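Here is a short tour of one protein chain. Keep the picture in view as you read, and find each part as it is named.

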Amino acid sequence: MGKAAGGRWKIALTVLVTLVVTVIALNFRSPEKRVTESVEHRFALADPQFEREMGNLMGPAILPGNRVTALANGDEIFPAMLGAIAAARRSICFETYIYWSGHVGRAFADALSERARAGVKVHVMLDWVGSGRIESSTLDEMKDAGVQVERYHPLRWYTLARMNNRTHRKLLVVDGAIGFTGGVGIADEWSGHAQDPEHWRDEHFKLEGPAVAEMQAAFLDNWTKTTGAVLNGPDYFPPLAPTGDQRAHLFVSSPAGGSASMRLMYLLAIAAAERSIDIEASYFVPDDLMRDALVAARERGVRIRVLVPDQHMDSEVVRVASKRAWGPLLEHGIEVSIYEPTMLHVKMLVFDGRMVSVGSTNFDMRSFELNDEASLNVYDQAFARDMTALFERDLRQSKPYTADDWRKRPWRERFFELVVQPLNTQL
């Protein structure tokens, strides 16, 4: 009897270990569609072929008639978002990764609740991990007011295999006609104007025009995935007249829908660049393929400037992993600068003064393969000039980091780089 019981325990333990290993393996697996080979330089960004491929091979159509407004830091971002929410008459769709309790979180909860009580259809999608610091009472108050609140991939037995897949998208769509995206989270760290290390530097973007429908569709993607419900009709997809002269599209990716798309979009833009690439990245951990693409662009004469955080970075592991990747870039003449005043959370790329990509996507493998992301691509030279000027304003508050600096980094930092190297695909 004792041997029989012991045998059953061994079988049970074996089954349990197998299940745990399987769940872990599923969370760390790479997407089925994965780019493993470099993209050759076949045409320039100015060539119509580039936009043809971006709008057909890569993603949704590039739509004319848009107006994109850049908003700097919480002092500009939050009033614009809250003002749009307060003016909503039909629907509000809001998806975000970070939503924490605090003054900012309270302001958004109150604004969303007030509109729901007024009869506006309010839908809120919060990532389960990213919103872990929101008080349950805040969620209850919103729900009591009529806000439909959903958590993306909460901890359930049937979601264990997807625990590593988070929604990192930052999308707000009001009445199907005004959209917002960028890097900002709903937390007090983003308030103010980046005046000190406790207040982060970030950029968010207001979108008006036909491309807002693509942003609404991106929200609907995860809403339907989570709830099974479809949000449609003129409250969500009204006719959208041109509001400006900018061409744009909202580019999305997710492991379920081909996460390699975002990475390939970046690779195609890097491969097409002939004059300049400016990268402002809060988390910059390129893998070998992305590094080689940047080096190849530099070798054909493209000026590449990378602006990143360092001492004020909110993740020490990512900071160290990022710095390890700088060496080969610096050795090939790619310029790297460190933003000094506070945590730099901007996510922006400017290619050849013709294309700007902004949104939630980080320049790392987590964004390229594991997260749900959304990036707004704008094809407009005037907007690109404005964003280059914004980049250079931040650059003036930064310190150049040289190849000699990299070679002289402390041994403790080098050792830590080796320790975190196996985690690079998760950062």
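Predicted model: local features only at pLDDT ≥ 70, side-chain atom pairs only at ≥ 80, totals over all residues.

Start with helix 9, residues 316–331, and helix 13, residues 411–420. Their axes lie 9 Å apart, and the helices pack at an angle of about 100 degrees. Angles of 65 to 115 degrees count as roughly perpendicular. Helix 9 and helix 13 are therefore roughly perpendicular to each other.

Which residues of helix 9 meet helix 13? They are Glu 316, Val 317, Arg 319, Val 320, Ala 321, Lys 323 and Arg 324. From helix 13 come Glu 413, Phe 416, Glu 417, Leu 418 and Val 420. By class, the residues of this contact between helix 9 and helix 13 split into 6 nonpolar and 6 charged, with no polar ones.

Two packed helices are described by the angle between their axes and the distance between the axes. Now use that on a second pair. Helix 2 covers residues 48–58, and helix 7 covers residues 260–272. Their axes come within 11 Å and cross at roughly 170 degrees. That makes helix 2 roughly antiparallel to helix 7.

Helix 2 brings Phe 50, Glu 53, Met 54, Leu 57 and Met 58 to the contact. Helix 7 brings Ser 261, Leu 264, Met 265, Leu 268, Ala 269 and Ala 272. The contact of helix 2 with helix 7 has 9 nonpolar residues, 1 polar and 1 charged.

## Around helix 2

Look at helix 2 by itself. Its buried residues are Phe 50, Glu 53, Met 54, Gly 55 and Met 58. What do the buried residues of helix 2 pack against? The partners are strand 8 (246–253), helix 7, strand 14 (355–359) and strand 16 (373–379).

The N-terminal end of helix 2 has a cap, Asp 47. A side-chain oxygen of Asp 47 lies 2.8 Å from the backbone nitrogen of Gln 49.

## Ala 272 in helix 7

Ala 272 sits in helix 7. Is Ala 272 buried or exposed? Its relative accessibility is 1%, so Ala 272 counts as buried. Beyond four places in sequence, Ala 272 touches His 41, Phe 43, Ala 44, Leu 45, Phe 50, Arg 300 and Asp 352.

Take Phe 50 from that list. Ala 272 and Phe 50 are 222 residues apart in sequence. In space, their C-alpha atoms are 7.4 Å apart.

## Helix 5 and its two sides

Helix 5 runs over residues 136–145. Thr 138, Leu 139, Met 142 and Ala 145 are its buried residues. They cover an arc of only 130 degrees around the axis, which puts them on the same side of helix 5. An α-helix has 3.6 residues a turn, so residues three or four places apart point the same way. On the other side of helix 5, Ser 136 and Asp 144 are exposed.

What covers the buried residues of helix 5? The cover includes helix 4 (103–117), strand 3 (121–127) and strand 4 (148–152). Just after helix 5 comes Gly 146, with a positive phi of about 105 degrees.

Glu 203 is in strand 7, residues 203–208. Its relative accessible area is 3%, so Glu 203 is buried. The side chains of Glu 203 and Arg 201 are joined by a polar contact of 2.8 Å. Not counting residues up to four places away in sequence, Glu 203 touches Ala 70, Leu 71, Ala 72, Ile 77, Gly 182, Gly 183, Val 346 and Leu 390.

Asp 394 belongs to helix 11, residues 381–395. Asp 394 is buried, with a relative accessible area of 4%. Leaving aside neighbours within four places in sequence, Asp 394 is in contact with Arg 201, Glu 280, Leu 307, Tyr 339 and Leu 344. His 103, in helix 4, has a relative accessible area of 69% and is exposed. His 103 and Asp 188 are 85 residues apart in sequence, but 6.4 Å apart from C-alpha to C-alpha.

## The whole chain

Now step back. The chain has 13 helices and 17 strands. Of its 427 residues, 54% are buried. Among contacts with a separation of 6 or more, 82% join residues 24 or more positions apart.

Definitions and conventions. Residues numbered from 1 in each chain as written. Heavy atoms only, no water. Helix = DSSP H or I, 4+ residues; strand = E, 2+ residues; numbered from the N terminus. Buried < 20%, exposed > 50% of the residue type's maximum accessible area, 1.4 Å probe, protein only. Polar contact = N/O pair within 3.5 Å; in protein donor to acceptor, adjacent residues only side chain to side chain. Contact = heavy atoms within 4.5 Å. Axes fitted to C-alpha atoms, helices over the stretch in contact; angles between N-to-C directions. Parallel < 35°, antiparallel > 145°, perpendicular 65-115°, else oblique. Nonpolar A, V, L, I, M, F, W, Y, C, P; charged D, E, K, R; others polar. Arc of directions from axis to C-beta.
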